[in-house]
Structure formats: structure tokens, C-alpha cells
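Student: I would like to learn how to read a structure feature by feature. Can we work through one together?

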Amino acid sequence: MTPTFSIWPLIAILVSLLGALPIILSNRQPNLRESWTILIAVIKLSIVASLLPGVLSGESYVFTIAQVLPGVPIELRVDALGMVFALVASCLWLFTSIYSIGYMRALDEHAQTRYFASFAVAISATIGIAFSANLLTMYLFYEVLSLSTYPLVTHEQNAEARASGRKYLTYIIGTSIGLALPAMLMTYLAAGTLNFTQGGILAGKASPELLALLLVLFLFGFAKAGLFLAIGIIQQRCGHDRIRELDGTAQRLPATTFAIALGGVALIGLPPSGAFLGKWQLIGGAFATGWRPADARRCRPSHSVSPVRR
């Protein structure tokens, strides 16, 4: 079925992104600020839900924001899988906002306006990731998500929080630029496109070894970035990141804990994760070329020092 052109996916993203402005402007009026937060969350959920009937009937919605390179637009596409993530994120934002209002007020937390505004930008990036039509669009929204959650990580504004924030940005931006971005460039060079397609972007366009390498790079880049996002949530909610004092976190934040477990499994490369499959393919490709473990021992540099003759 031919995708339907629609601006509503873009509006679903912009409603909370632009909604951060009235939240900021209502800094001195807490009731108005929180009313804006709830209203924007309801509008976003309504827009996302309005796309559901078409998706259930097999339709998809597309909107092109800009054309960056031949075959590489910044483009939104609403399909069944993206709709699942967008609906979950929109619902959770509404209920989390309601919970956060009571939580922040009860503790008389500082910088509440910054918290709600950053949260609004973060949910916009999340919907952008869910509606991404290609790797470039997903990568850009992932970077926006990483930067918009920085104020949440450093919410306490003490020395420890700022140090954690610097580590957060270093690791999350470093892995995306050092791993995900090179993998994306290699994918474009091999396939000439970054659009998500049935069967895979690189189907029939790359060797098994290259596919395995790209799988490992993408998974390591996004899994490590995702881990730091989840850890930032735990630090913000618990007020610290001391492991010995995190008893009961899994009961209080089950979804976040599950995300950390998934990211850990991917980084370690345990089966049945994609990282395990990628490493398995790399090892299989090495053996297929005639490589053997003994070759690695022969190539290992010697650290012994020859005696000097006088």
C-alpha cells in the first residue's frame, strides 16, 4: 500500500517541543505551568491515537522534513511498530507528568520549570525516534533526546550531579559519534540509502562480514547510549547513583531496570541479543577466510627485550 502524505506525525512531535515555551513562560505560576504540561500531554496522546485507525487498517503515514543527500531525507513514517512505541511513550508521559506534579510539589523541589520543559523536549525526541523513516532521522532525534535529558541528570545541581552530567554527555555522545555515526556512513556507502525497508537496508548489498560489523557497531552505540539514559533516570529519581543504596529500585522503576538489563545483555553480547549474533558472524567470517586462533598468537607482539652486547 502506498504511504499517505500527512503532516500529523510532525505535529505530534512539535506539540510538546513548542509546548516547552509556555511551560517556561509560566515559571512564576506553578498552577498554570502544570496545566500546560497536562494539556500538552493530552493533545499529544490524542494526535498519536488519531493515527491508530489508519495504521490498524494497514495504512502508513509519511512526511518529509528535508532532503539531506540523495536517498537520505529527514523523514517521518508512521507504521505499526512505530505506532506501538509512540502510543506507549505518549501514555506514559501523561501519567508520569501527573505523578511528577505531586512528587515535585510534595518535596518542594527546585527548578521544577526546567524539569517539565526538559521532559517536554525529551518526549518530542522520543516520538521522533518512534516515527523515524530512516537511520539519519532516528540518529538526529536520538541526539536531541540525549541533550534534552542532560538537565534531568544534573537536576540536583551539586558538584556530584554536574560530574555525573559530564560523564553522561561524554559517554552518550561519544558512543553515538564514535560507533553509530561511522556505522551509518558505512551503511550509506554500501546501500546508497538509509531508509528502513522490508528485508533490511543492506539486503543483498553487503557481505556477511560487513553486516556483522555494522550490527555490532549499531548495537554497541545505541545500547550504551540507552544505558546512560536509563541510568540518568534512576539517578534523577533516586537522587544518587550509589549502587549499594539502590535496593528496591527494580520494584519502583521496573521499566527502567528492564531497559538497563537489555542494554547490559547487548553490550556483553549474550544470546539471543543482536550483539551476540553480530560477534558470531564476525567469528564465522574470520574462520571462513582461513583464520585460526593460532594466527592471533603468532601476530601478538613480543614484549621481551634482547640483551645489549657491549
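Student: How many aromatic pairs does the count come to?

Tutor: This is a predicted model, so keep that in mind throughout. The count comes to 4 aromatic pairs.

Student: What describes a pair of aromatic rings?

Tutor: Two values do: the distance of the centres and the angle of the planes. Take Phe5 and Phe63. Their ring centres are 5.5 Å apart and their planes stand at 40°. Planes under 30 degrees apart would count as stacked, and over 60 as edge-to-face.

Student: Where in the chain do Phe5 and Phe63 lie?

Tutor: In distant parts. Phe5 is in strand S1 (residues 4-5), and Phe63 is in strand S2 (residues 61-69). The two are 58 residues apart.

Student: Is Phe5 buried or exposed?

Tutor: Exposed, because its relative accessible area is 63% and the cut-off is over 50%. Phe63 has 12% relative accessibility, so it counts as buried.

Student: Which geometry do Tyr115 and Phe116 form?

Tutor: They form an edge-to-face pair. The distance is 5.1 Å centre to centre, with 80° between the planes. Both Tyr115 and Phe116 are buried. Tyr115 and Phe116 also belong to one aromatic cluster with Phe119.

Student: Now charges. How many salt bridges does the count come to?

Tutor: The count is 2 salt bridges. For each one, look at the N to O distance and then at where the residues sit. The side chains of Arg33 and Glu34 meet at 2.9 Å, N to O. Those of Arg105 and Glu34 meet at 2.7 Å, again N to O.

Student: What does the pair of Arg105 and Glu34 tie together?

Tutor: Parts of the chain that are 71 residues apart in sequence, because Arg105 lies in helix H4 (residues 80-106) and Glu34 in helix H2 (residues 30-50). Arg33, Glu34 and Arg105 are linked in a network of salt bridges.

Student: Which of these residues are buried, and which is partly exposed?

Tutor: Arg33 and Glu34 are buried. The relative accessible area of Glu34 is 5%. Arg105 is partly exposed, at 39%.

Student: Which residues of H11 are buried?

Tutor: Thr256, Gly263 and Ala266. Next, check how they are placed around the axis. They cover an arc of only 85°, so they lie on the same side of H11. On the other side of H11, Phe258 and Ile268 are exposed.

Student: What follows H11?

Tutor: Gly269 does, and its phi is positive, near 90°.

Student: Let us zoom out. How many helices and strands does the protein chain have?

Tutor: It has 13 helices and 3 strands. Of its 310 residues, 42% are buried. Now the contacts. Take those between residues at least 6 apart in sequence: 70% of them join residues at least 24 apart.

Student: What does the surface consist of?

Tutor: The protein chain exposes about 16900 Å². Carbon and sulfur atoms supply 68% of that area.

Conventions. Residues numbered from 1 in each chain as written. Heavy atoms only, no water. Helix = DSSP H or I, 4+ residues; strand = E, 2+ residues; numbered from the N terminus. Buried < 20%, exposed > 50% of the residue type's maximum accessible area, 1.4 Å probe, protein only. Contact = heavy atoms within 4.5 Å. Areas by Shrake-Rupley, 256 points an atom, 1.4 Å probe, with all protein chains shown as cover. Salt bridge = Lys/Arg side-chain N within 4 Å of Asp/Glu carboxyl O. Phe/Tyr/Trp six-rings, centres within 6.5 Å; stacked < 30°, edge-to-face > 60°. Arc of directions from axis to C-beta.
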